[in-house]
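Have the 3D view open as you read.

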Amino acid sequence: AAMVAAGETRLIEALVIAESPRPVPPCGGCRQKLAEFGGPEVPVTLCTTDGAARQTTIGELLPGAFGVAHMVAR
């Protein structure tokens, strides 16, 4: 929401960090926002507060994500 309020509309990279034993994936609401504002090639880094990290992309996190292409214009 802060990104859109600042006038930005496209993600170029995302970082998810939490106090967790393993790198944590984004929640459902965040996944939808990633799909709406970033393409499948956008890099996503999943991290822990202890420094563990895993690299992925929006496309790898969200295969078959719902998007604008699923809506029918009438």
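In which sense, parallel or antiparallel, do S2 and strand S3 pair? They pair in the antiparallel sense, with S3 covering residues 53-57 and five bridges joining the two strands. Keep in mind that this is a predicted model.

One of the spots to look at here is Leu46, whose bridge partner in S3 is Arg54. Between the strands of this hairpin sit four residues, and Gly51 takes a positive phi near 105°.

Now for the other partner. Strand S1 (residues 14-18) pairs with S2 in the parallel sense, again over five bridges. Across that pairing, Ala14 stands opposite Val44 in S2. To get from S1 to S2, the chain passes through helix H2 (residues 28-37), making a right-handed β-α-β crossover.

Here are the two pairings side by side:

| Strand pair | Sense | Bridges |
|---|---|---|
| S1 and S2 | parallel | five bridges |
| S2 and S3 | antiparallel | five bridges |

What about S2 itself? Five of its six residues (the strand runs over 43-48) are buried, so the rest of the structure largely encloses it.

That brings us to the largest nonpolar core, a set of 10 residues including Ala14, Val16, Val44 and Leu46. S1, S2 and helix H3 (58-61) each supply at least two residues of this core.

Leaving aside residues up to four places away in sequence, Val44 touches Ala14 and Val16, plus Arg54, Gln55, Thr56, Thr57, Ile58 and Leu61.

Notes:
Residues numbered from 1 in each chain as written. Predicted model: local features only at pLDDT ≥ 70, side-chain atom pairs only at ≥ 80, totals over all residues. Heavy atoms only, no water. Buried < 20%, exposed > 50% of the residue type's maximum accessible area, 1.4 Å probe, protein only. Pairing = 2+ DSSP bridges. Right-handed = clockwise from strand over helix to strand, strands pointing away. Core = buried A, V, L, I, M, F, W, Y, C linked by side-chain atoms within 4.5 Å. Contact = heavy atoms within 4.5 Å.
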